[in-house]
Amino acid sequence: MIGIEEVALRNRFRLYPTARFGQFKAHCPECQDKRRQFHLYVSAVKDTFYCHKCGAKGGVVAFHAWLTGIPFQMARNELYPASKRKFPRHPAEQLTREQLAEMGFTTRMPSPIAPKAFTQSEWSRYRRRTLDWIWREWCEYEKFRKEQDARLYRMICQGMASESAHPESLQEPVLREVPLPNGSAIHEDARADIA
Ligand SMILES: [Zn+2]
């Protein structure tokens with residue numbers, strides 16, 4: 001975890017100590033405090049900031065976002081790069097809502113935090129199994145779709161090949177044009193099918 005003091009330091013934002021341990025005051029950049037005006041208070045104990053004038057407040061990530069003017073998500077990624085995250089993401093978690101809906105999954109992904117009725121380890125096991133299952137389903141679905149595409153492609157190719165081999169069959173698909181096989185041959189074939 002990164003402390004709020006460290007965020008101030010990174011942004012070259014000056015904190016002034018107060019009489020209380022771990023409590024700092026600062027010039028609010030929003031309110032353009034000058035000299036002895038200190039509307040902004042920063043707590044290194046609670047890792048929070050609060051401006052008594054404009055009401056800006058929040059935690060470590062919000063402080064970084066506020067000082068740099070970048071969105072919250074981006075500030076979080078800057079402070080905690082994805083590669084250094086403690087828990088690597090399951091591949092199933094990378095699927096978009098649309099991809100999930102395509103397979104017929106409409107429920108939400110299970111949250112990493114256990115609901116009250118479960119212990120964290122019970123929940124983690126359950127979550128892992130669910131994500132594994134979703135991922136297996138997705139791989140199956142992808143495979144099926146690729147096979148369907150390949151089949152369709154083959155059918156189109158075959159269709160095109162037969163069309164180019166017999167271009168006249170497209171123009172005149174009339175039965176009388178087709179030479180009929182003799183009756184006995186048909187008879188024999190039909191009996192062979194039944195037997
Ligand atoms: Zn302010």
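What share of the 195 residues of the chain count as buried? The figure is 10%, where a buried residue has 20 or more other C-beta atoms within 10 Å of its own, an exposed one 12 or fewer, and a partly exposed one a number in between, with C-beta atoms placed from the backbone. This is a predicted model, so local features need pLDDT of at least 70 and side-chain atom pairs count only at pLDDT 80 or more, while totals for chains, interfaces and linings use all residues. Residues are numbered from 1 along each chain as its sequence is written.

On the secondary structure side, the chain has 7 helices and 5 strands, taken as DSSP runs (H or I of at least four residues for helices, E of at least two for strands) and numbered from the N terminus. Read along the sequence, they give the pattern α-β-β-β-β-β-α-α-α-α-α-α. Of the contacts between residues at least 6 apart in sequence, 31% join residues at least 24 apart; a contact here means C-beta atoms, placed from the backbone, within 7 Å.

Ile4 sits in helix H1 (residues 4-10) and is buried, as 25 other C-beta atoms lie within 10 Å. Leaving aside residues up to four places away in sequence, Ile4 touches Val42, Ala44, Asp47, Phe49, Val60 and Phe63. With Phe63, the separation is 59 residues in sequence but 7.5 Å in space, C-alpha to C-alpha.

Gly22 belongs to the loop between strand E1 (16-17) and strand E2 (23-26). It is partly exposed, with 14 other C-beta atoms within 10 Å.

Now for the helix packing. Helix H2 (residues 60-68) and helix H3 (residues 72-79) pack at about 110 degrees with axes 8 Å apart, the axes being lines fitted to C-alpha atoms over the stretch in contact and angles running from 0 to 180 degrees between N-to-C directions. That makes H2 roughly perpendicular to H3 (the class covers 65 to 115 degrees). Val61, Ala62, His64, Ala65 and Thr68 of H2 meet Phe72, Ala75, Arg76, Glu78 and Leu79 of H3.

Helix H5 (residues 120-165) is another story. Its 46 residues should span 68 Å at 1.5 Å a residue, and the end C-alpha atoms are 67 Å apart, which agrees; the expected span is 1.5 Å times one less than the number of residues. H5 is hardly covered, with a count of buried residues of 1.

Definitions and conventions: Parallel < 35°, antiparallel > 145°, perpendicular 65-115°, else oblique. Contact = placed C-beta atoms within 7 Å.
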